Amino acid sequence: MMSNPTIEFTRAITRRPASSITEGLRAEDIGTPDLGQMLKDHGHYVATLKRTGAEVIELPPLEDYPDAVFVEDTALCLPQGAVLMRPGAPSRMGEVDEMEPALRSVYDDVRRIEGPGHIEGGDILVTGREILVGRSDRTDAAGVAELVDIVSEWGLKLREVFTPPGVLHFKTDCSLLDPDTILSTKRLDASGCFEGYRVLHVAEGEEAAANSIRFNQFVLCPAGFPRTAAMLRESGFDVVEVNNSECAKLDGGMSCLSLRF
């Protein structure tokens, strides 16, 4: 069985990890990230994006912001324009200003979530038919409402859903494989938020594999989840496994490491 048409991206933005990454936020302390390993893994990730022919804008590290490698939380990139987010973690607020020049260099229309609400890119899944935004500890009702106002001007539909308790971001538990197919944990799919979509479940015990990304011909999947990787290949996807051991110590995954448009 072959997958549906690819999701076409021409550009991505990444940011090199800083040595301060060892001070990054984490919901649970499962160890300090190894910078050398993270740089190696990040290099593999960026090289895979480039293999598709897309342009990758590689930004320098930001020592003042330990979590700045996770660029996805700072913005939402759409064909119509970009929206600068307002992170729910106070220590990450300054990352948005650091991202703004890069977005303005490639977008004519750049908007901003002004607040008082909060919203992070890790809670936003753009499908072939709508924008799904998961409420979480980092994304609140006011932040979602402000994004609704912005994207409705662009003629886009946004639907609010809810992230399971104890899960940092909506996309911690799901990813888009093609415009109508979603990779999800069973616990998130059980909420009914993906009704009408084709949903593939990650294997039991491999929930962390749900945070993968489809980037042109490849699905970038965190390494170490062999049953999920095999299921994706059997479903017709070209899977590239990328070690994510160090990012996982900071609750980070495949989607967090790039802005894709």
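1. First, a working definition: a nonpolar core here is a set of buried Ala, Val, Leu, Ile, Met, Phe, Trp, Tyr and Cys residues joined through side-chain atoms within 4.5 Å. Buried means under 20% relative accessible area, exposed over 50%, and partly exposed in between, with a 1.4 Å probe and protein chains only.

2. A word on what we're looking at: this is a predicted model, where local features need pLDDT of at least 70, side-chain atom pairs count only at pLDDT 80 or more, and totals for chains, interfaces and linings use all residues. Numbering runs from 1 along each chain as its sequence is written, and side-chain values use heavy atoms, with hydrogens and water left out.

3. On to the largest nonpolar core, which has 34 residues; Tyr 45, Leu 49, Leu 125, Phe 170, Phe 194, Phe 215 and Leu 220 touch the most other members. At least two residues each come from H1, strand S9 (174–178), strand S12 (213–215), strand S13 (218–222) and strand S14 (238–242). H1 gives the most, with 4 residues. Helices (H or I, at least four residues) and strands (E, at least two) are DSSP runs, numbered from the N terminus. There is also a second, separate core of 16 residues, with Ala 75, Val 96, Val 110 and Phe 261 among them.

4. Leu 49 deserves a click. Setting aside residues up to four places away in sequence, Leu 49 touches Ala 12, Thr 14, Ala 54, Val 56, Ile 213, Phe 215, Leu 220 and Ser 258. Contact means heavy atoms within 4.5 Å.

5. Now the sheet around S1. An open sheet of 3 strands runs in the order S2-S1-S15, with mixed pairing. Strand S2 (55–59) and strand S15 (259–260) stand at the edges with a single partner strand each, so one side of each has no neighbour in the sheet. Strand S1 (residues 11–15) pairs with S15 in the antiparallel sense over 2 bridges, and Ile 13 stands opposite Leu 259 in S15. Two strands pair if DSSP finds at least two bridges between them.

6. Cavities next. A search of the whole structure finds 2 of 30 Å³ or more. On a 1 Å grid over the protein atoms alone, a cavity is a set of points where a 1.4 Å probe fits but cannot get out, and lining residues have an atom within 4 Å of a point. Grid points are joined across faces, edges and corners, and a volume is the space filled by probe spheres set on the points.

7. The largest cavity has a volume of about 100 Å³. Of its 12 lining residues, Phe 70, Arg 92, Arg 138, Leu 168 and Leu 250 are the closest to its centre. The lining divides into 5 nonpolar, 2 polar and 5 charged residues. Here Ala, Val, Leu, Ile, Met, Phe, Trp, Tyr, Cys and Pro count as nonpolar, Asp, Glu, Lys and Arg as charged, and the others, Gly among them, as polar.

8. The second largest cavity comes in at about 70 Å³. Helix H1 (35–51) and helix H6 (245–248) are the elements giving two or more residues to its lining, and H1 has the largest share, 4 residues. That lining splits into 6 nonpolar, 4 polar and 2 charged.

9. Finally, Thr 163 sits in the loop between strand S8 (158–162) and S9 and counts as buried at 12% relative accessibility. Leaving aside neighbours within four places in sequence, its contacts are Asp 123, Gly 134, Arg 135, Ser 136, His 169 and Phe 170.

Methods. On a 1 Å grid over the protein atoms alone, a cavity is a set of points where a 1.4 Å probe fits but cannot get out, and a pocket is an open set with protein on both sides within 12 Å along at least five of seven lines; lining residues have an atom within 4 Å of a point.
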